Amino acid sequence: MASQASISEILSTLYLEYNVKTSNKLKIIDCYLLYILLTGIFQFAYCCLVGTFPFNAFLSGFISTVASFTLGVCLRVQVNPLNRSIFKGIPPERAFADFLFANVLLHLIVINFIG
């Protein structure tokens, strides 16, 4: 039982620190990343349970979720104030514009792949 109490203490401390130290911009990006992650898990579970009859549709959807998650993580890293020294010449607005451009390009490719 001691390990169970320590796990709950760790999770509560993590939650409190996250709420206090994380900006609202990063929390919104984290919600987006959680949504994309759950969408990818749902697509994979559906594929395992039902099948992959329109395989191009499954593959393009799953690749879209993985790539969108990757682009979201890149946005979060660039917008994070703790990483300002690494991304000196890139303001947050530029990072968001790059994110939007990459997402539009990604989804054009995904739609083309569906056929």
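A: Let's start with a term: helices (H or I, at least four residues) and strands (E, at least two) are DSSP runs, numbered from the N terminus. By that rule the protein chain has four helices and zero strands, in the order α-α-α-α from the N terminus on. Keep in mind that this is a predicted model, where local features need pLDDT of at least 70, side-chain atom pairs count only at pLDDT 80 or more, and totals for chains, interfaces and linings use all residues. Residues are numbered from 1 along each chain as its sequence is written, and side-chain values use heavy atoms, with hydrogens and water left out.

Now for α4, which covers residues 92–114. This helix has 23 residues and reaches 33 Å from its first C-alpha to its last. That's close to the 33 Å expected at 1.5 Å a residue, where the expected span is 1.5 Å times one less than the number of residues.

Which residues of α4 are buried? They are Pro92, Ala95, Phe99, Asn103, Leu106 and Val110; buried means under 20% relative accessible area, with a 1.4 Å probe and protein chains only. An α-helix has 3.6 residues a turn, so residues three or four places apart point the same way. The cover over the buried residues of α4 includes α2 (24–50) and α3 (55–79), with contact meaning heavy atoms within 4.5 Å.

Zooming out, 22% of the 115 residues of the protein chain count as buried. Of its contacts with a separation of 6 or more, 67% are between residues 24 or more positions apart.

Terms used. Buried < 20%, exposed > 50% of the residue type's maximum accessible area, 1.4 Å probe, protein only.
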